[in-house]
Amino acid sequence: MPNRHSLDVVVIGAGVVGAACAYYAGRAGLSVAVVDRGPVAGGTTGAGEGNLLVSDKEAGPELDLALLSTRLWRELADALPPETEYEPKGGLVVAPDETTLKALRGFAEGQRAAGVVAEEVHADRLPDLEPHLAAGLAGGFHYPQDAQVQPAQAAAQLLRAARRYGVEPRLGTEVTGLLTGPDGSVRGVRTTGGDIAAAHVVNAAGTWGGRIAGLAGVHLPVLPRRGFVLVTEPLPRVVRHKVYAADYIADVASGSAALQSSAVVEGTPAGPVLIGATRERVGFDRTLSTEALRRLAGQAAALFPVLADVKVMRTYHGFRPYLPDHLPAIGPDPRAPGLLHACGHEGAGIGLAPATGLLVAETLAGRATSLDLTPFRPERFADPGRGTRG
């Protein structure tokens, strides 16, 4: 049964990106509903580590997005309840040898030019930052702007804050189609709970963003990239920062479908140590990969020998929404007027959510955007069905 009135915006997806879009759109004075077939953070967000990283991004559009989000997350930390667990712990990227350290210096130089704080740490100073770190490393770089949130809580608290601006969550409601106007423009969503008319629809469906785009007849090649995380028993704070070896940066940038593993190790306020992250393209296969878990555990123990005999209490995994050029799709889709995208962030969605939400809200409100959206334009991919771009 159709709604009797039209909203300004319907956001599809109640993960952290969708919650951020709703929050900033509501704050801009727009009437907003958020629709999700499951609960808040029921998809990729709930299976994330909560990384808010600038350290793993080279100078370019994604780093610009991350730096904007870094500022916005600091503001949100003051506005949201402590359950969000915002922790500006900083990151530490370590190099096993001089060749890798030299490469890190070049990487950091480009980042600094973009506004990142990257401080070289000599080998003899590494224990000052991380007393339990393995010996024999060549050095590393400290990134004080890196931070952490509890991802599911971040999404839930953002959506709760959005409700103060009149945003209406409609959870357990699946989108089955898009409504269109006489000119073919997108004008709302068809759901299992009835039609919702709206001037704009935001596709923040994460790994399923390609399917939502397909409902509008447009091509957006979002693919799932599976990743596992290990959770140890509660420990004293043996890991102070977010720590990873330099090869993690290469894994993030890789387009390989094969299993890749480079441990990111971090403590949490509750005590357990989180150990990620693997990456592999296996579709939506949820099979537990003992090889992925074995690699993660071995790499974490190599970085922090103190973890070698620690018990792993549980493991979880999810699917990162991957786009071929490693940049998300953000902004209006000229192929389907009325449709905007906010998906394809891969493993960086939690970190990039506030900037994405702000940019979408600025677009919806007809304002100049804080960043140039050109690199994120959704029509940039060739449609294999048509053999042309867009």
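Alanine 14 is buried, with a relative accessible area of 0%, where buried means under 20% relative accessible area, exposed over 50% and partly exposed in between, for a 1.4 Å probe and protein chains only. The residue sits in the loop between β1 (7-12) and α1 (16-27); helices (H or I, at least four residues) and strands (E, at least two) are DSSP runs, numbered from the N terminus. Leaving aside residues up to four places away in sequence, alanine 14 touches Val34, Val35, Asp36, Pro39, Val40, Ala41, Ala155, Leu159 and Leu171, a contact being heavy atoms within 4.5 Å. Between the C-alpha atoms of alanine 14 and leucine 339, which are 325 residues apart along the chain, the separation is 17 Å.

The model is a predicted one, in which local features need pLDDT of at least 70 and side-chain atom pairs count only at pLDDT 80 or more, while totals for chains, interfaces and linings use all residues. Residues are numbered from 1 along each chain as its sequence is written, and side-chain values use heavy atoms, with hydrogens and water left out.

For the protein as a whole, the secondary structure comes to 9 helices and 20 strands. The radius of gyration is 21 Å, close to the 21 Å that the globule rule gives for 390 residues, so the protein is as compact as a globular protein of that length; the radius is taken over C-alpha atoms, and the rule is 2.2 Å times the number of residues to the power 0.38. Along the principal axes, the C-alpha atoms fill a box of roughly 70 × 40 × 40 Å. Buried residues make up 58% of the 390 residues, and of the contacts with a separation of 6 or more, 74% are between residues 24 or more positions apart. The accessible surface, computed by the Shrake-Rupley method with a 1.4 Å probe, comes to about 15,400 Å², of which 52% belongs to carbon and sulfur atoms.

A search of the whole structure finds 0 disulfides, a disulfide being a pair of cysteine sulfur atoms within 2.5 Å. Two cysteines are set out here.

| Cysteine | Nearest cysteine sulfur | Distance |
|---|---|---|
| Cysteine 21 | Cysteine 343 | 9.8 Å |
| Cysteine 343 | Cysteine 21 | 9.8 Å |

Cysteine 21 is buried, with a relative accessible area of 1%, and cysteine 343 is likewise buried, with a relative accessible area of 1%.
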